[in-house]
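I set out to record aromatic pairing, nonpolar cores and helix packing. My entries follow in that order.

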Amino acid sequence: MELSDSEKLRLDNAARAGWLYFIAGKTQDEIARVLNVSRPTAQRLVSLCLAERLITFRLEHPIAACMELATRLTNTFELRLCEVVPSDPASPASTAGIAERAAAVLESILRRKKPAIIGIGTGRAMRASVEQLPSMDCPNHQLVSLVGNISPDGSASLFDTIGRFADLTKARHYPMPLPVFVSSKAERTQLLRINSVTRVHAMAEQADLRLVGVGQLDQGAQLHVDGFISREELLELMRLGAVGELTGWAFDAHGQIIDGGTNLRVTSVPHRVSDTMLTVGAALGPSKVVAMRAALKGRMLNGLITDEATARALLAAS
């Protein structure tokens, strides 16, 4: 009989607890902190792992390989958080797996009593992550957009997520009332002086968590495919050495922000990573490996959510 989603999640958590206890050598207190559960729950999960024979002399569950990859990525790129989900051979580009894990990260913060600020980017992965959230009542938390919510033609962006995020959580939210790119550097300077925009940027700088997608800058760049930048602008960025972008900010193979091109006209919150802020990139797929590795190498991210195949590719290139 096929397992329900809740039963699958329960076994996944048991497998995680079993791997941490029997293979990584973590104590039950440490497991409770890693999985964000109580100590008795951690103990029950370890017991369930044994009862269901998920572990014998090694962990008999696909999550084991993912956790090993996550540990290697954490050590290689000095990450504060890393989640690797099993790849789906039937649909390698599907974001369902990483969206579920990203939603779990969001939910763990939203369920805390201490007020938090969550900054979120846009795009398909971000939208899919928010759609995985259950309806919650979180009036003490604040949601802030890291990216403008207006498309080049003046319409609302199809991939803006913060409105849906707020609908699901009842949290107060602050959209970015600007186009992603404006026509000139001077216009950008003028618009960023608007009081409401200044407040959004200031709030984003204080975020406890930033969750963003990672975009590649090649012929298949989503910024170009979705009409945010022209072919000529894309080629200029590539000539300047850009390989990827985070919330519209283009960066090179060393993870350094490009000085020029559309970066002179982007209105997104400046991309800076601090010790106090968790900045998580959620992305997968062969086309994104170069951009993801550059962002990790340049310490533009201190958290990562990806799939097994992409994790192996990142480690092979490091």
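I looked up Y21 and noted it as partly exposed, because its relative accessibility is 34%; the class lies between buried, under 20% relative accessible area, and exposed, over 50% (1.4 Å probe, protein chains only). F22, at 38%, is partly exposed as well.

The model is predicted, and local features need pLDDT of at least 70, side-chain atom pairs pLDDT 80 or more, whereas totals for chains, interfaces and linings use all residues. Residues are numbered from 1 along each chain as its sequence is written, and side-chain values use heavy atoms, without hydrogens and water.

I found one aromatic pair (Phe, Tyr or six-membered Trp rings with centres within 6.5 Å).

I then turned to the nonpolar cores (buried Ala, Val, Leu, Ile, Met, Phe, Trp, Tyr and Cys joined through side-chain atoms within 4.5 Å). The largest has 55 residues, and L246 and F251 are among those with the most contacts inside it. A separate core of 31 residues includes A102 and I120.

Beyond its neighbours within four places in sequence, L246 has contacts (heavy atoms within 4.5 Å) that include F251, H271 and A295.

Last, I checked α4 against α13: residues including L69 and L73 in α4 meet residues including A311 and L315 in α13.

Technical notes: Phe/Tyr/Trp six-rings, centres within 6.5 Å; stacked < 30°, edge-to-face > 60°. Helix = DSSP H or I, 4+ residues; strand = E, 2+ residues; numbered from the N terminus.
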